[in-house]
Amino acid sequence: MISFKNVHYRYEPEGIEALRGVSLEINDHEHVVLIGPNGCGKTTFIQHLNALLLPAVGSVTVDGLDTQQAHNHAKIRTLVGMVFQNPDNQIIGTTVEEDVAFGPENLRLPPAEIRKRVTEALDRAEIGDLSLRNIENLSGGEKRLVAIAGVLAMRPRYIAFDEPTAFLDPAAADRVLEIIDKLRQEGIGIIHITHNMAQAVLAERVVVMNRGIIFLDGTPREIFGKVDELQQIDILLPQVTQILIKLRKSGLPVCTDIVNVDEAVGQIQGLIKKA
Amino acid sequence: MYDTGTFIAGQSLIYKLDPRVKLAFTVTLSIFILWASPLPILFLGVILLLTALTNGITLRTVGQSVKPLLLFIILIFLAHALFASEVEGALFVSYLGISLGGIQGGFIAVWRFLCLIVAAVLLTMTTAPSRLVAAIKYFLHPLKFLRVPVDDIAVMITLALRMMPALLLQKKKIEKAQMARGGELRRFGLWVRAKYFLSLVLGVLLGTFRRADELALAMEARAYARGERTSAVELKIRRVDYLAILLFCLMIIIFMALNLFLS
């Protein structure tokens, strides 16, 4: 379990607090999506997960290990993997397999074990065929998968994704989301920042951040049912919810706490049958 | 897109050689290229080129590696042509003091330089960067006793190899962004071009610093800490390496004899 207790953080000593008393617990194997307007503290939050940032006040623990203790950092960074927004600034090796080996090499594992982990990670990210390819010749989607494989080679229990589908075309974004879903099914805890509400509704839990605090926390249905609160901070609702709200306003008897396409189709089919 | 010196995966014999052997060959060849007399170097250059061509390196790839150094190559040629120590034979352009001997010297110097480039391209394009870094680390290993941070140097080389093509790509992107806003360099005079060049350099530098910052964070996130690391690469000298060493030594002896005989 990852636990945040009253975490405060600011980048500049006299600057605005990026996190203002964040308390949150993330359970093992949980799929949490983090949403909120730009500059609300989402990235600052996830960088606390593997001790890249340390709380000025409060504490963060990962499976009982306090991030304030420097001797815990190596262990914490194997427990929590981090996939950054821009894979170009995350990939260290020149070829795919070199990059995936970077983490295990830092853990000082024996060469045979490193190679085993590299093969395993490439297979899990479904890019085994790219192992010898030069990073500069890969597509954006492939680079994103290399970044994920690099993290998987550390065999983490949790992975934090900072907008993993940003700048990707729909097909590449779907491929990345499929891999994330597969990892969730394998039991890895997923903490996922997104601005795409269609992705947010797929999570077990949605956490809404605003100005450095946890603004809302609940299941997708609970969160997207709070239309007025979300509108206050300019968060767009999922498209299906927006359609149902408009139908409701036009006088049709539909539920508006629906977040996925299948349920929305069921509602509309019900209306057609009644008519 | 293959940038200068970028590794291209392949299966030929040269790929199978131990990177330490290849690195030692390249260093030996470089010394020989700089030291030997012109005629053996001419033959050696042809052999190097044939080796490159038979190992999947095309003339186009070699050309791509030479292109960024073209200005430097012209300068080398001119330096020899204009400032030949002894003006041999008839003066070619008398008022500039260019002689046929100077031009010949220029061609030889350029040929030596091209040989060095082909040798370097052969090494870097047929050796995965991690294997090359492992070989450098192996040769630097004795310096550990003098407390030289060999592991950190190896990571620095890895990052430099990774970032060089990335920086070239960034330069091209900024260039295009400037062109999109009317900054077509070729259309303007020297002063305007110099100003655009400065803004280009600043753009690349700023981008590089931002990138370095994020890269450092990403390295930390993957448990990087200064000091000792292990490597996925296990270096092993095999039969093919011994055979290559034997052939290489034979070739060097022949060229040494040729050098002695022809000079």
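Ser3(A) stands opposite Thr61(A) in strand S4 of chain A. The model is predicted: local features need pLDDT of at least 70, side-chain atom pairs count only at pLDDT 80 or more, and totals for chains, interfaces and linings use all residues. Residues are numbered from 1 along each chain as its sequence is written, while chains are lettered from A and ligands numbered from 1 in the order in which they are written.

**Strand pairs in chain A**

Helices (H or I, at least four residues) and strands (E, at least two) are DSSP runs, numbered from the N terminus. Two strands pair if DSSP finds at least two bridges between them.

| Strand pair (chain A) | Bridges | Direction |
|---|---|---|
| S1 (residues 2-10) and S2 (residues 17-26) | Seven bridges | antiparallel |
| S1 and S4 (residues 57-62) | Five bridges | antiparallel |
| S3 (residues 31-35) and S9 (residues 205-210) | Four bridges | parallel |

S1(A) and S2(A) form a hairpin with six residues between them, and Tyr9(A) has Leu19(A) in S2(A) as its bridge partner. Ile35(A), for its part, is partnered by Val208(A) in S9(A).

**The six-stranded sheet**

An open sheet of chain A contains six strands in the order S6-S7-S8-S3-S9-S10, with mixed pairing. Strand S6 (80-83) and strand S10 (213-218) of chain A stand at the edges with a single partner strand each, so one side of each is left without a neighbour in the sheet. On average, neighbouring strands of this sheet are turned by 20° against each other, direction ignored. Helix H6 (residues 170-185) of chain A lies across S3, strand S7 (158-162) and strand S8 (189-193) of chain A, and runs at about 150° to S8(A). Axes are lines fitted to C-alpha atoms, for helices over the stretch in contact, and angles run from 0 to 180 degrees between N-to-C directions.

**A helix pair in chain A**

The axes of helix H10 (residues 239-249) and helix H11 (residues 261-274) of chain A come within 9 Å and cross at roughly 20°. H10(A) is therefore roughly parallel to H11(A), a term for angles under 35 degrees. Val240(A), Ile243(A) and Leu244(A) in H10(A) meet Val261(A), Ala264(A) and Gln267(A) in H11(A).

**The contact between the chains**

Residues are in contact if their C-beta atoms, placed from the backbone, lie within 7 Å. In this model, 32 residues of chain B are in contact with 35 residues of chain A. Helix H9 (190-221) of chain B is one of the helices that each supply at least two residues of the side touching chain A, and H9(B) gives the most, with eight residues.

Conventions. Parallel < 35°, antiparallel > 145°, perpendicular 65-115°, else oblique. Contact = placed C-beta atoms within 7 Å.
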